[in-house]
Amino acid sequence: MTIRDVAAGDLDAIVAIDLGETGVAKHDYWREKFELAARQRATHIFLVAEQEGAVAGFIIGEIKAWEFGSSPCGWVSAIGVANESRFTGTGTRMLEALLAEFKRAGIDIVRTMVARGNRELMSFFRSQGLMAGPYLQLEMRLD
Amino acid sequence: MKLQRSTRLALYAVLELADQPEQQLSRTEIAERFDISSNHLSKVMRELGRQGLVEAVRGVGGGYRFVGNAKRTTLLDIIEIFEPHTLDKETQREPGTDTAVGRTLDVVLDEISDIMRATLESISIKTMLMLKAKANSGN
């Protein structure tokens, strides 16, 4: 398995992986993420896992500073693994590569946000050592 | 959150045994490591055995060993053996629950239960052992 920067030719596979997880095909969204990573590689890191010539997964990390008063930190803003590559260590390999990128950029805190009901993803991040942080996400409906 | 003593003992025992699944530990050895009552632990170990998490090995050098799936068993799974309703949402009609204040209070209490459940069901025994190793190494 190789972890490398995303390429334009990976987008269809990424859309398909995301479609399998969310049920929505978001071509424009992933293209925008790709273009952002191409323009601002230092703060928008978009990696894919490639296995036997096919995209097995993807991960996006962003370096953000001073949002909500927080000092610079790395955010894992998206992760997806193809069904056939689940439970093969693909997510772990991609996260390790992303954390290495964050470290190289001088970042020492990584954060993410996970839906409370998403047991699989929550367990994945827990198994990688992530714990509840000092912030709570709050929201309300604007009806 | 405060756990009942049996639940805490069960977590201690499971984590200790799962840390070295090839090794057997007697009830006394586990009790000594945590400075707890061996008698109290006896009931807990029987229950863990009934749930298929530990197995009693008889004979010289016998004791208990972990036989569960450390990757799939979560803290919530063990807590619910001993405290099955600890995270249940309020379903009984308590006085005042039909008032606006009562309903609002239940919304907040349900939010707390949801967060606790999400936390406890996402941490497996394997993850706990990883956290323990990390704490021991001082990282």
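Buried means under 20% relative accessible area, exposed means over 50%, and partly exposed lies in between, with a 1.4 Å probe and protein chains only. With that in hand, I looked up chain B and found that 35% of its 139 residues count as buried.

**Ground rules**

I am working from a predicted model, where local features need pLDDT of at least 70, side-chain atom pairs count only at pLDDT 80 or more, and totals for chains, interfaces and linings use all residues. Residues are numbered from 1 along each chain as its sequence is written, chains are lettered from A and ligands numbered from 1 in the order in which they are written, and side-chain values use heavy atoms, with hydrogens and water left out.

**Chain B, overall**

I noted six helices and two strands in chain B; helices (H or I, at least four residues) and strands (E, at least two) are DSSP runs, numbered from the N terminus. Along the sequence I read the pattern α-α-α-β-β-α-α-α. The radius of gyration of chain B is 18 Å, well over the 14 Å that the globule rule gives for 139 residues, so chain B is more spread out than a compact globule. That radius is taken over C-alpha atoms, and the rule is 2.2 Å times the number of residues to the power 0.38. The C-alpha atoms of chain B fill a box of roughly 65 × 35 × 25 Å along the principal axes.

I then turned to contacts, meaning heavy atoms within 4.5 Å. In chain B, among contacts between residues at least 6 apart in sequence, 66% join residues at least 24 apart.

**The hairpin in chain B**

Which strands pair here? S1 (residues 54-57) and S2 (residues 63-66) of chain B do, in the antiparallel sense and over four bridges; pairing requires that DSSP finds at least two bridges between two strands. I traced one of the bridges from Ala56(B) to its partner in S2(B), Tyr64(B). The two strands form a hairpin with five residues between them, and in the turn Gly59(B) has a positive phi of about 95°.

**Ser113(B)**

I found Ser113(B) in helix H5 (residues 100-122) of chain B. Is Ser113(B) buried or exposed? It counts as buried, because its relative accessibility is 14%. Leaving aside neighbours within four places in sequence, I see Ser113(B) in contact with Leu87(B) and Asp88(B).

**Chain A, overall**

Chain A has four helices and five strands, and from the N terminus on its elements run β-α-α-β-β-β-α-β-α. The radius of gyration of chain A is 15 Å, close to the 15 Å that the globule rule gives for 143 residues, so chain A is as compact as a globular protein of that length. Its C-alpha trace spans about 40 × 40 × 30 Å along the principal axes. Among chain A contacts between residues at least 6 apart in sequence, 57% join residues at least 24 apart.

**Ala105(A)**

My last stop was Ala105(A), in the loop between helix H3 (90-104) and strand S5 (110-112) of chain A. At 46% relative accessibility, Ala105(A) counts as partly exposed. How far is Ala105(A) from Arg86(A) in space? The two are 29 Å apart, C-alpha to C-alpha, and 19 residues apart in sequence.
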